[in-house]
Structure formats: C-alpha cells, structure tokens
Amino acid sequence: MSHPPRIGLVGFFLEANRFSPVTTGEMFARACDCAGDALLSELRALAPRLLPDTQGFVEGMDTSGPWEPVPLRMALAYPGGPADHGWWQRFLSDVETRFQEAGRFDGVFISSHGAALTTEEDDPDGVLFESIRRCVGLSVPVVAVFDLHTNVSRRMTDALSGFVAYRTNPHVDLRDRGLEAAAMLRRMVAQGPGEVVLQKLPFLPASTEQLIAPGTPYARLLELAAAWPDPKVLNISLCGGFPLADSAKCGFAVVATAVAGARAAAEAAAKSLATEVWQRRHEFVSRLTPLEEAVAMAVRGGCSVEGANTADGRLILADVADNPGGGGGGNTTALLQALLEAGANQVLLGVVTDPSLAEEAHQLGMGAVFNARFNRGASGDAHVRAFEHQARVLALSDGHFVGRRGLVQGSSQSMGPSALLELGGVRVVVITHRQQLLDPAQLEILGVDVDSPTSGVQTLVVKSRGHFRAASEGFAPASRIIEVDGPGLTTPVLSRLSLTRIPRPAFPLDPDAVWPALSPSLQPLDDPSWT
C-alpha cells in the first residue's frame, strides 16, 4: 500500500437490561457521544472519556506504523434499559452519512459492548455492523472489540472480519484487546479480511457465574482457547452473554477469527471450544448468601462462610441484585436497612445513587446533621423503597475522577455531586449519576482509602456484580467476598425474572436442555425458529 491506511473509528457501547428504564440520548451525551474533530480530540486526550479498548487501539496503530485515523462517531452510555429508538435511528443515520462523506477506507475499528437493545430493535449492534459493511464494501476489513458479556448474533459476525472479546472479568484487559485489534487490522489491511465463525449454545450462565479467576470454569476454558494450536486462527472469544437483555441473541457464544481463506480452521476451533463449554456447563454454579446471614457476618466483624473466627479480617458484601453495571438502579436499601437495624459498625457502602439526597447534602454542607431521606418519591421499581435515617455529612465532592484500575483505567469519569454520609456505624457514599463501584478513585475523592489500615472500614458493601474486585483488590481474601441474595433488577437468579424472548429450552433454566450441534438441521440459537 502506497499510502498510510485510512481507518474509520466507530463506537456504540450499551449493555441493555430489558427490565430497566430507557437509556436516553442525554445519557449517552453525559457519558460520551462525540464525532469528527471532537472525537479526534478525545482520542488524543491525556484522560479521554473513551474506554481503554479505543485507547489501546490508537496506541497500537501509532506504534505499528503510519496511519490516518478517520474519526466518525462514538457513543457510549452506562448500562441501563434499551436505548431510545428515535435517538438510535438518528445515530445510525449520522454514522452512515459520515461514512459516505469520508471517502475511501482501508479498514474500520468498532468499539462495542454487543448487548444493546433499543425500544424497538433487539439487535441494533447487528444493524449497525451491516450498515457499516454496506458503506465500505466487502473488501475492507472491519474489526470490533466486545465486552465479554456481548450477546452475539450471526448478523453481527457476518458483517465483521475480526472479532475480539475481553478475556477478563472483572474487565481489566480492555487496552490489551485494543492493541490486539490494531495488530489484527494491520494484518488484514495487508492480507485481506479475515473469516469470523460463530457457535451459539443454549446456555445462560448468570452474571455471578462468569467470574474469571484462577481455577474458575471460565478461566480454564479461556486457557484452552489461548492454547489453540492452529496459527491460522487469530482469536477465539468465549462470550458468556447477558441474559438480562432477554432477547433471541442471548446465550453463550464462541467466536473464532481466522486469516483470509481459512474459514474451515475457524469453524473447527469454534466447534471444539463450544463443545468444551457445553460439557462443562454444570460447573457454572452460582452460590448466593441470604441477606440475613450476610448481615450477621458483618456484625461479627467478618467471618468466613465456613464460620471461622476472623474478627480481625475484612469482609466485602456484594449487593449483586442492584448492580448499576447491569442496569440496576443502585438505590435499593434492603441491605443498608438490615445493617443499621443489626447495629453493624465500621461499614462503608459504596455507591448509592440518589440525586436528591446528594443535592441536599451539598446544600447543608460539611458537618451538617440531618434526617437523610433515601429514595424520596420512590416509584416504578418495586424493589426501591423510601427510607429515612439521621445522618452527618462527612465529605463532599463534585464527583469527577480519573479511573486507576480495570474498566475505566485512564478514563475521565463523573459521579456528579457526591457525598459521604455517616449513619451510625455505617458510612454511605451517595452519588448523582448512576454507576457501580468499579474504581478506588470513586471513594478516594471523598477522603476514603479503604486500603489504609486507618480507614476504619471493616466491611465494604458494594453496589456491583464483579468490577469491585478490581477496585478493591487486596481488601479482603476471596473467602470473605460474599455475593448477597437481595432484591433488585439485576438478580442473577434467572428463574425470578419474566424472560419471554430467550429461545427455550436453555440451561440452567431448563436442566434437560440439549445442544443439537451434531444435527445437520441445526438452526442458530439467535434465530427464533430454533425452537
């Protein structure tokens, strides 16, 4: 190629929970929605609002040779309900127009979560990828990076030349996956678009079953994928999916990418790894601790599940059913109330979303003692109830932070006006913009360093499913990280949800589900006719 490759940059990032309130255009704008020159500025910013996968991709392209970035548009929002369809249609039209006006492309990079919904479309990711493919033609390689929890459709993979999903959970490898995507795209620009093959399974591992740590089932499967011996296979991604989307796309996906002309190699890899996943499905077992038992552990000062005396140890209680990182409101108070009623001490709860309470704390100021009213005017979600307790304002912040670990490392983020309140023996971080606890900086801007021996925190309660593990690494051993069975929109107990669009039977909802992979009449799981 006689000229530096012109690479289009596109992003659409939303993990959509079918049961959560609609994600609006304003929510995308608040997180990051930029195009053209504004996007180029973000790409080169010291602490951009973009996720680390895009940062890694740009770094990989910069260090591997000359290239011309063509910034089109990237929009991302915090996990929530389906995107407003009108906003998404305008987004799609804008992306198409920018492609048409930009001229020649030698490649395209897409930053995607892969589990999006709109209020009218269950596969907006696939629609977007198809549109991009029409704009650039069949000969231009299109490579995308995905969250591990993507819900994959054949509409998505048929439009792509390369597929790269995160390999960690909590997600701490986004930059590395961006670097991998850059190397993959460089190769395909020189050698031609790759081959992408999808194998879907009727298997719905709950969110708490998708932890990737030494010895976990998921980790062992990823080790097998990484050791695949055929050099023609560039990547094998194992995607547990996001069942709370409740769509026909849900289900564990194995996606293999091979070099141009090596589709048979990709098919062999995808089929082999999918068979391994299916054979090990029973190893993905979720064990939640009843709320009352978890509270008793906090009152005792932190005891292991086995009941050993660990009074000097620390404890993490994960309120997994109210995880904003999966579309939860971050505002249920069942666990907080139970801790207060039980007289728990040295407890820190982070982070609770309550804009009105945060605003009131800012108006009253540091040191103020007042009757804190949580969820005033609560409505809509049956799990969210109003609650009052006397509180003292310990610290205030505008909520801006730069991520230090994991998913938002190096990214500029904001919780909005935030406050640290003291309610008896429990301190609570109250924020304005809904999000989970996923970075230590969220607590540090309010003067709390949980790693410090003088923090006064014996029990850390988190509104999070898994990313707290990166934020709080070292705070407590794995034996004292407790996933609490509480109320909320993100319960990992799938049988409690009104799932109506996922093709059935599917394991573990249907224990006798089968995977007819050897049948010549197999239909893809994301095709409703599969049932």
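## A first look at this predicted chain

The sulfur of C239 is 13 Å from the closest cysteine sulfur, that of C250, which is too far for a bond; a disulfide here means a pair of cysteine sulfur atoms within 2.5 Å. This is a predicted model, so local features need pLDDT of at least 70 and side-chain atom pairs count only at pLDDT 80 or more, while totals for chains, interfaces and linings use all residues. Residues are numbered from 1 along each chain as its sequence is written, and side-chain values use heavy atoms, leaving out hydrogens and water.

**Cysteines**
- A search of the whole structure turns up zero disulfides.
- C34 is in no disulfide either, and the nearest cysteine sulfur, in C32, is 3.7 Å away.
- C34 has 6% relative accessibility, so it counts as buried; buried means under 20% relative accessible area, exposed means over 50%, and partly exposed lies in between, with a 1.4 Å probe and protein chains only.
- C239 also counts as buried, because its relative accessibility is 0%.

**The whole chain**
- You can find 14 helices and 20 strands in the chain (DSSP runs numbered from the N terminus: helices are H or I with at least four residues, strands are E with at least two).
- The chain's radius of gyration is 23 Å, close to the 24 Å that the globule rule gives for 531 residues, so the chain is as compact as a globular protein of that length (the radius is taken over C-alpha atoms, and the rule is 2.2 Å times the number of residues to the power 0.38).
- Along the principal axes, the C-alpha atoms fill a box of roughly 70 × 55 × 40 Å.
- Of the 531 residues in the chain, 61% are buried.
- Among contacts with a separation of 6 or more, 76% join residues 24 or more positions apart (contact means heavy atoms within 4.5 Å).

**Around V461**
- Where does V461 sit? V461 is found in strand β19, which covers residues 459-462.
- V461 has 2% relative accessibility, so it counts as buried.
- Leaving aside residues up to four places away in sequence, V461 touches L317, L335, L339, V347, L348, L349 and G350.
- V461 and G301 are 160 residues apart in sequence, and their C-alpha atoms are 13 Å apart in space.

**Helix α11**
- Helix α11 spans residues 334-341, and its buried residues include L335, L336, A338, L339 and L340.
- Just after α11 comes G343, with a positive phi of about 75 degrees.
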